[in-house]
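Please consult the sequence and the model below before reading on.

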Amino acid sequence: MSGEHGGPAASIAAEVRHVETLLEQRGLVNSAELDTALQAFLARANPANGARVAARAWLDADFRARLLTDANESLADLGLSMGGGLQEQRLKVVQNTEDVHNVIVCTLCSCYPIALLGPSPTWYKSEAYRSRVVREPRAVLAEFGFALDPATAITVWDASAESRYLVLPRRPAGTENLDEHELAALVTRNGLIGVAAI
Amino acid sequence: MSRINDVGGMQGFPEVGPQADEAPFHSDWEAHVFALNRALIGHGLYSLDEFRDAIERMPPARYLESSYYEKWFHAVTTLLVEKGVLTAAEVAGD
């Protein structure tokens, strides 16, 4: 880094503190309120939400059908919404099958179903992932240790500011006796992004 | 015309690989930038689109060498100055 915001972590931490102090002095923000708002946001936007959606979809064919046609509306069944961010976003859920595997990305920046998955991991926002997953998805999946069957096609969904995607993974074999809660516990964030199998 | 953020399909970037540390924020200042930005947009000082644009019009070299939340902080301070909330001198601590 160079320029006025450059330097090591200690330097940028001081710059952020400095700007926050200026804004506090102008009465625009309050540090205690910022902290409370952040904690509240993180408590309600996390990958457990996405896991609940997948588990319900595996168990309830009617819910799954509605989820795949009008995801925003069906989220209300679970007390969830896409309004957890700064603006309501359109959600499209894409279902993995034996023939097609889905992966999500935002090539332009970092668009992500944050209400259902929480803040995105650093690699999701990296230029490496954004540039490469649309050109060589199979190679990128392999870097995650995910060796997809060569016969399975890959569809990559590029999110935008208004439109977000979530992958519905395939239900693992041998889980016929698990209940919704137990199924949800199997679902990982990376599985809902599409860079891991469940 | 595309800007530097439009990296889809661009070649030459390294392997991805999952990172061991996948906490939402790697340090406290990142969480502060995240919270600050939400509050400023919430107050209507600028919009989410203006924020995104302020990242995407960063000088290309600067964009590529900045971490994710460094880009955010750059955009927040850029907009605070452009909107007349703070002066560039104040942001720089002069």
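A helix crossing is called left-handed if the near helix is turned anticlockwise from the far one by less than a right angle, and right-handed if clockwise. The model is predicted, so that local features need pLDDT of at least 70 and side-chain atom pairs count only at pLDDT 80 or more, while totals for chains, interfaces and linings use all residues. Residues are numbered from 1 along each chain as its sequence is written, chains are lettered from A in the order in which they are written, and side-chain values use heavy atoms, leaving out hydrogens and water.

**Packing of α1(B) and α4(B)**

- The crossing of α1(B) and α4(B) is left-handed.
- The axes (lines fitted to C-alpha atoms over the stretch in contact, with angles from 0 to 180 degrees between N-to-C directions) lie 10 Å apart at an angle of about 40°.
- α1(B) and α4(B) are therefore oblique to each other (under 35 degrees is roughly parallel, over 145 roughly antiparallel, 65 to 115 roughly perpendicular and the rest oblique).
- Contacts (heavy atoms within 4.5 Å) involve, among others, Trp29(B), Val33(B) and Phe34(B) of α1(B), and Trp72(B), Phe73(B) and Val76(B) of α4(B).
- The residues of this contact comprise nine nonpolar, one polar and two charged (Ala, Val, Leu, Ile, Met, Phe, Trp, Tyr, Cys and Pro are nonpolar; Asp, Glu, Lys and Arg charged; the others, Gly among them, polar).

**Packing of α3(A) and α4(A)**

- Helices α3 (residues 47-59) and α4 (residues 61-69) of chain A have axes that come within 5 Å and cross at roughly 125°.
- That angle makes α3(A) oblique to α4(A).
- The α3(A) and α4(A) crossing is left-handed.
- Val53(A), Arg56(A), Ala57(A), Trp58(A) and Leu59(A) of α3(A) meet Ala61(A), Phe63(A), Arg64(A) and Leu67(A) of α4(A).
- Seven nonpolar, no polar and two charged residues make up the contact of α3(A) with α4(A).

**The cavity**

- One cavity of 30 Å³ or more is present (on a 1 Å grid over the protein atoms alone, a set of points where a 1.4 Å probe fits but cannot get out, with lining residues having an atom within 4 Å of a point).
- The largest cavity has a volume of about 530 Å³.
- Of its 31 lining residues, Ser110(A), Leu48(B), Arg52(B), Tyr68(B) and Trp72(B) are the closest to the centre.
- α7 (127-132) of chain A and α1 (28-42), α2 (48-56) and α4 (68-82) of chain B each supply at least two residues of the lining (helices are DSSP runs of H or I, at least four residues, numbered from the N terminus).
- α2(B) gives the most to this lining, with five residues.
- The lining has 16 nonpolar, seven polar and eight charged residues.

Conventions:
On a 1 Å grid over the protein atoms alone, a cavity is a set of points where a 1.4 Å probe fits but cannot get out, and a pocket is an open set with protein on both sides within 12 Å along at least five of seven lines; lining residues have an atom within 4 Å of a point. Grid points are joined across faces, edges and corners, and a volume is the space filled by probe spheres set on the points.
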